[in-house]
Amino acid sequence: MSERFEESAVVENQEAETRPPPLFQVVLLNDDFTPMEFVVAVLQRFFGKGREQATQIMLRVHYEGRGVCGIYPRDVAASKVEQVSSYSREHQHPLQCVMEEA
């Protein structure tokens, strides 16, 4: 009499290590030429900030040299940087917008 052993696959219950995608902060950099009102308008138009919050961020850019506009997934942050950069160039302002890993 032969015994038949069936190998059974043992599947370990492993939780997949899923991490949220990295987030990036979009930052405006100060320059000596872009008007403050233009910066406020950019923050309202592209980042949905109210007048008061846009003014606070603009003042941070002015006095501290940089101001965070928002934190987004990579593709959204890259799109915001491109939109702001294009809009600034169209209006002949040197306003710089960059993204950094948050």
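## Helix packing and buried cysteines in a predicted model

Cys-97 has a relative accessibility of 7% and therefore counts as buried, the cut-off for that class being under 20%. The structure described here is a predicted model. Cys-97 takes part in no disulfide, and the nearest cysteine sulfur, which belongs to Cys-69, is 5.5 Å away.

### The cysteine pair

Is Cys-69 buried or exposed? With a relative accessible area of 1%, Cys-69 is buried. A disulfide is a covalent bond between the sulfur atoms of two cysteines. The cysteine sulfur closest to that of Cys-69 is in Cys-97, and because the two are 5.5 Å apart, they are too far from each other for a bond; the cut-off applied to such a pair is 2.5 Å. Across the whole structure, the search finds 0 disulfides.

### Overall architecture

The protein chain contains 3 helices and 3 strands. Read from the N terminus, these elements follow the order β-α-α-β-α-β. The chain has 102 residues, of which 32% count as buried. Among contacts between residues at least 6 apart in sequence, 72% join residues that are at least 24 apart.

### Packing of helix H1

Helix H1 spans residues 36-47, helix H2 spans residues 51-64 and helix H3 spans residues 74-90.

| Helix pair | Axis separation | Angle |
|---|---|---|
| H1 and H2 | 9 Å | about 125 degrees |
| H1 and H3 | within 11 Å | roughly 140 degrees |

How do the axes of H1 and H3 cross, and at what angle? They come within 11 Å of each other and cross at roughly 140 degrees, which makes H1 oblique to H3. Angles over 145 degrees would count as roughly antiparallel. H1 passes H3 in a right-handed crossing. On the H1 side, the contact is made by Phe-38, Val-42, Arg-45, Phe-46 and Phe-47, and on the H3 side by Lys-80, Gln-83, Val-84, Tyr-87 and Ser-88.

The packing of H1 with H2 has an angle of about 125 degrees, so these two helices are likewise oblique to each other. The crossing in which H1 passes H2 is right-handed. Here Met-36, Glu-37, Val-39, Val-40, Leu-43 and Gln-44 of H1 meet Arg-51, Ala-54, Thr-55, Ile-57, Met-58 and His-62 of H2.

Ser-88 and Ala-41 illustrate two accessibility classes. Ser-88, in helix H3, has 0% relative accessibility and for that reason counts as buried. Which residues does Ser-88 touch, leaving aside those up to four places away in sequence? They are Phe-38, His-93 and Leu-95. Phe-38 is also listed among the H1 residues that make the contact with H3, as Ser-88 is among those of H3.

Ala-41 lies in helix H1. Its relative accessibility of 30% places Ala-41 in the partly exposed class, because that class lies between the limits of 20% and 50%. The C-alpha atom of Ala-41 is separated by 7.8 Å from that of Ala-54, a residue 13 positions apart from Ala-41 along the chain. Ala-54 is one of the H2 residues that meet H1.

Key: Residues are numbered from 1 along each chain as its sequence is written. This is a predicted model: local features need pLDDT of at least 70, side-chain atom pairs count only at pLDDT 80 or more; totals for chains, interfaces and linings use all residues. Side-chain values use heavy atoms; hydrogens and water are left out. Helices (H or I, at least four residues) and strands (E, at least two) are DSSP runs, numbered from the N terminus. Buried means under 20% relative accessible area, exposed over 50%, partly exposed in between (1.4 Å probe, protein chains only). Contact means heavy atoms within 4.5 Å. Axes are lines fitted to C-alpha atoms, for helices over the stretch in contact, and angles run from 0 to 180 degrees between N-to-C directions. Angles under 35 degrees count as roughly parallel, over 145 as roughly antiparallel, 65 to 115 as roughly perpendicular and the rest as oblique. A crossing is left-handed if the near helix is turned anticlockwise from the far one by less than a right angle, and right-handed if clockwise.
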